[in-house]
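Trainee: Could you walk me through this structure, one question at a time?

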Amino acid sequence: MNIIVTDDYEKMSRAAADVISTLVSEKPDCVLGLATGSTPIGLYAELVKDCAAGKISFADVDTYNLDEYRGLPGDHVQSYRYFMNDNLFDHVDIDKARTHVPDGACADAEAACTAYEEAIDAAGGVDLQLLGLGHNGHIGFNEPCEEFPKTTHCVQLTESTINANSRLFDSIDEVPREAYTMGIGTIMKAREILVVANGEGKADIVKRAFFGPVTPEVPASVLQFHPNVTVIVDAEAGSKLDL
């Protein structure tokens, strides 16, 4: 595991964008696993700059997002499909038909999750999976539990995650209680994993996830077993690491 501590959020975003830009340059038809949340917004902005400058092209790239709220259609302003369009897809030369997000509007959870898992397999798997890190150690919407979920599945969101996401909705009552998410097994099959985290509030979980015991109570801790992981954090998130 390669852990990089940068001075601030802007440098973290640029360093993470460089990892993705390098892959896209070296393998123009790569498969990217993407993430939502506040942390990757900066790195997506950097990728938009790289594309505008002609440094990279997303024309032949396929993307698969980690998760989506169950019950939200893709045009809902708080859906993760909307987030990806707004922060990346609408601003680069990617073919929207090659961008994939779990179908939150599909009421049949088993069908939605099976279809998504099969699509990832059909694409040949993910070359690089981008991950944020939840305050409770969740990756995607894989919440702390008794075992590591293997494949794409429907989850009940924890109260801490609902509370954390409520800032994006008019009322906490509007926050969906379920989501479709790649499983830990799906994530671990990615050939390369890139984790980003920022802010003092992430310092404890960064240390627990990458230097504590591997346990499904801290889902991100399983990444210690992956052979090719890069973790990029800002100085605040890395403040409790003894490197």
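Mentor: Gladly! His 226 sits in the loop between α7 (203–211) and β10; helices (H or I, at least four residues) and strands (E, at least two) are DSSP runs, numbered from the N terminus. This is a predicted model, where local features need pLDDT of at least 70, side-chain atom pairs count only at pLDDT 80 or more, and totals for chains, interfaces and linings use all residues. Residues are numbered from 1 along each chain as its sequence is written, and side-chain values use heavy atoms, with hydrogens and water left out.

Trainee: Is His 226 buried or exposed?

Mentor: Buried means under 20% relative accessible area, exposed over 50%, and partly exposed in between (1.4 Å probe, protein chains only). The relative accessible area of His 226 is 7%, so His 226 is buried.

Trainee: Which strands stand at the edges of the open sheet of 3 strands?

Mentor: The order is β4-β8-β7, with antiparallel pairing; two strands pair if DSSP finds at least two bridges between them. Each edge strand has a single partner, so one side is left without a neighbour in the sheet: these are β4 (67–69) and β7 (153–156).

Trainee: What is the bridge partner of Glu 68 in β8?

Mentor: β4 and β8 (residues 178–181) pair in the antiparallel sense over 3 bridges. In β8, Glu 68 has as its bridge partner Tyr 180.
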